[in-house]
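Visitor: Please take one part of this model and go through it closely. I would like the pairing, the packing and the cut-offs behind each term.

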Amino acid sequence: MGQHNDTMNCQRTMFNEKGDNGLLICGSHVPPELLTEIFCRAEPKSLLNCQLVCKRWKILIQSYVWRKKAEMTAGKLLPRHEEIPWQAFYHMCKKKPFERNLLRNHSGQDGKRHWHVICENGDRWAVEKPPIGVPELPSEPVFEGGQVCFATSYKSCIKQQVIDMVAEGFHPCFLDVVQPPIMVSEWYSSRWDCPAIYECHVRLLGGIDDCTQKQTILDEFRYRDTMENERQNQWHFVSHVFENYGCGLRKINFMHGGMDKSYWAGHYGSKMAGACISVKVPQVQYDYDDELDPFLNE
């Protein structure tokens with residue numbers, strides 16, 4: 001059988017910045033402002049495919065749409081820096097990393113899952129549901145209405161969780177250039193009948209140091225509290241905001257623990273719940289009207 005080969009007799013059209021390439025859809029002219037609004041409502045995967053349609057769409061999406069879509073996702077304006085590639089905004093749209101708790105299993109609702117136990121002496125770590133010997137947990141969004149916490153024993157109990165910032169949706173260039181504020185926090189308490197010690201240590205980690213072959217510590221926060229007498233039987237809140245921590249941030253190590261001060265068998269040590277690492281959207285001082293993309297003003 002013979003084969004039939006249809007050859008399309010058409011010439012490749014060179015891109016013309018002042019022409020209508022990419023703005024004619026089904027014979028109708030679509031203003032770039034309207035095209036932008038349509039693109040911003042597309043799913044990230046679909047938007048990636050739209051970049052392949054033509055050069056005008058690619059320029060429009062990469063130079064303007066990804067950033068605007070990321071701002072719509074975050075609910076706030078984002079800093080503008082030429083060094084930040086469009087891929088950074090793509091990951092923000094896909095993973096929505098801002099203003100959410102990056103720590104998993106923050107209060108023990110899933111046992112000790114996602115946590116690496118460094119030591120659990122005495123009667124080991126425990127999960128209490130509901131917390132025993134202390135008031136109910138505060139009505140805070142982080143708890144999502146739950147009443148569960150970690151509890152330590154009569155000797156030191158320590159565990160940690162490491163957050164990979166790139167895996168969570170933050171492009172390395174965005175972390176280096178913008179250095180967004182990072183808030184770490186947790187609620188902790190001790191029983192009414194036994195004093196206890198609570199500790200928290202958070203480190204911002206960079207790459208491996210060539211000399212020491214250890215991970216670089218860009219910044220850190222240490223906190224220790226002894227709950228005795230009137231400070232027992234109530235929930236306390238500790239928080240810290242990291243800012244201007246320098247280039248190279250890639251991971252965050254959150255470590256906490258404690259013990260009781262009376263060495264009683266069981267779980268009379270400090271209790272903790274609602275551990276949180278949240279990256280805040282940096283404040284900016286401009287509106288879209290201050291700096292419209294030149295492509296939209298043609």
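**The open sheet and its surroundings**

Guide: In the protein chain, 78% of the contacts with a separation of 6 or more are between residues 24 or more positions apart; contact means heavy atoms within 4.5 Å. The model is predicted, so local features need pLDDT of at least 70 and side-chain atom pairs count only at pLDDT 80 or more, while totals for chains, interfaces and linings use all residues. Residues are numbered from 1 along each chain as its sequence is written, and side-chain values use heavy atoms, with hydrogens and water left out.

The chain holds five helices and 12 strands. Helices (H or I, at least four residues) and strands (E, at least two) are DSSP runs, numbered from the N terminus. Of the 298 residues, 46% are buried, where buried means under 20% relative accessible area, exposed over 50% and partly exposed in between (1.4 Å probe, protein chains only).

The part to look at is the open sheet. Five strands form it in the order S4-S5-S12-S7-S10, with antiparallel pairing; two strands pair if DSSP finds at least two bridges between them. Strands S4 (126-128) and S10 (236-242) are at the edges with a single partner strand each, so one side of each has no neighbour in the sheet. On average, neighbouring strands are turned by 30° against each other, direction ignored; strand axes are lines fitted to C-alpha atoms, and angles run from 0 to 180 degrees between N-to-C directions.

S4 and S5 (residues 149-151) run antiparallel and are joined by three bridges, and Glu 128 has Cys 149 in S5 as its bridge partner. S5 in turn pairs with S12 in the antiparallel sense over two bridges, with Ala 151 opposite Lys 271 in S12. Next in the order comes S7 (residues 182-189), which is joined to S12 by seven antiparallel bridges; here Ser 185 stands opposite Cys 276 in S12.

S12 deserves a separate remark. Nine of its nine residues are buried, so S12 is largely enclosed by the rest of the structure.

The segment after S12 (271-279) contains Pro 282. Pro 282 is buried, with a relative accessible area of 11%. Leaving aside neighbours within four places in sequence, Pro 282 is in contact with Leu 77, Pro 79, Phe 98, Val 178, Pro 180 and Pro 181. Pro 282 also lies 8.9 Å from Lys 76, C-alpha to C-alpha, although 206 residues separate the two in sequence.

Helix H4 (residues 86-95) has buried residues Trp 86, Ala 88, Phe 89, Tyr 90, Met 92 and Cys 93. Just after H4, Lys 96 takes a positive phi of about 50°.

A further antiparallel pairing is that of S8 (residues 196-208) with S9 (residues 215-227), over 11 bridges. Leu 204 has Asp 219 in S9 as its bridge partner. The hairpin of S8 and S9 has six residues between the strands, and Gln 213 takes a positive phi near 60° in this hairpin.
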